[in-house]
Amino acid sequence: MADIKPFCAVRPDKAYASRIAALPYDVYDRSQALAQTEREPLSFLHIDRPETWFDDSVDIYDPRVYEKAGQVLSRWREEGYFIQDEKPCYYIYRQVLDGRAQTGIVACSSVNDYVNGVIKKHENTRASKEQDRIRHIQACHAQTGPIFLAYREDAQIQKIVSGNMHKTPVYDFISQDGVAQSVWIIDQEEDIQALSRCFLQISDIYIADGHHRAASAVKVSLKLREERGLAPNQACGDESDYFLSVLFPDTQLKIMAYNRVIKDLNGLTPDTFIEHLKENFTVEIPETTGAEKTAFPPEKHSFGMYLEGQWYLLKARAKICSRDAVEGLDVSVLQDYVLGPVLGIRDPRMDERIDFVGGIHGLTGLEDYIRDKGWAVAFAMYPTSIQELFAVADSHRLMPPKSTWFEPKLYSGLFIHMMS
């Protein structure tokens, strides 16, 4: 059963919330993060990407960089840019993009639930990325980036959430990417207790996005337990036993495609490449292509392909369509029958001949990539569903890399969970 608890959030003073809130640290490269902090002196990227305080001669993993993050957080709290609630509360976080709302509960989730499998993952993590956030948490004595969690919708939870949204939100603004960001506080003890009891009846929580942040927070906690002579499943009895999260009902979430772009055709001519594809796919030129296509590809096991300025529609033949939770994913079909055997990309995590483009950029984003970089072919994917994500996680297996793109992203800086 899920152990979810309220907490005393450190959060922006209302006057500064819209200026502080920032997209997650891993959305930007170094130069892009610097540009954002130059545009907005109060951007939370000053804390989430503290290398922005240094010139390029200082490595982003230099100990001084992490130390700076902790210093800035402390200074901004002292200067009143952040406040801290005196009473543990839950928070409602609603985002609206293109008329679609997703409304989650900001809370602290249990490290033990992660260790014991109540909180399920579907993606591998890389040690180098984990280490970066571990050092950041340790320097700040805080978790600054919420983990995006999902659960199967529960009517009682939704009733409590809806009942608290009649109040005036503490934050209500449009972020720079056009997303409406609103926050309400659940501070009535009756509702707090009721929410905690509701989650105790939920057996499965899923990491939608933020696997590295989750793994890092958990490893910091487990290290503290080790230092105190405790077993991995023995709680320290303080804030380190929990990590910052936002929990969303599955019915409100939208997964966008995570598209693929390939540098070359592995020595094949375009005509020969297409002939190879026809062994496992039908290949046709759709009537409407490019940016005019509103739903392309149209269904599971179909793929858009952009080659030599032309869009094609690939449909997987029945012989390669599996009902297996992982092998049946479209990202697996493309990898197993095109990228690996035909284009020679065996490890998409490491191969520099493949890149990934989030579905938010649309088909024109793929066309622009091919044109601007001179790469060979792009594949537009049909989005993985939240049910497919749940099925993979429930079977204790992992998705291929870059299988899901969640939009909108959770902003950082609106909620901070202090470890001490």
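Let's start with the overall build: the protein chain has 13 helices and 21 strands, where helices (H or I, at least four residues) and strands (E, at least two) are DSSP runs numbered from the N terminus. Keep in mind that this is a predicted model, where local features need pLDDT of at least 70, side-chain atom pairs count only at pLDDT 80 or more, and totals for chains, interfaces and linings use all residues. Residues are numbered from 1 along each chain as its sequence is written, and side-chain values use heavy atoms, leaving out hydrogens and water.

Of the 420 residues in the protein chain, 55% are buried; buried means under 20% relative accessible area, exposed over 50%, and partly exposed in between (1.4 Å probe, protein chains only).

Next, the charges. Side chains of opposite charge can pair when their charged atoms come close. A salt bridge here is a side-chain nitrogen of Lys or Arg within 4 Å of a carboxyl oxygen of Asp or Glu, and the count comes to 26.

Take Lys-219 and Glu-130, whose side chains meet in a salt bridge at 2.5 Å, N to O. Lys-219 sits in helix H9 (residues 211–227) and Glu-130 in helix H6 (residues 127–140), so the pair ties together parts 89 residues apart in sequence. Lys-219 is partly exposed at 42% relative accessible area, while Glu-130 is buried at 6%.

Over at Arg-371 and Asp-372, the side chains form a salt bridge too (3.3 Å, N to O). Arg-371 is exposed at 56% relative accessible area, and Asp-372 is exposed at 57%. Elsewhere, salt bridges that share partners join Lys-120, Arg-152, Asp-204 and Asp-394 into one network.
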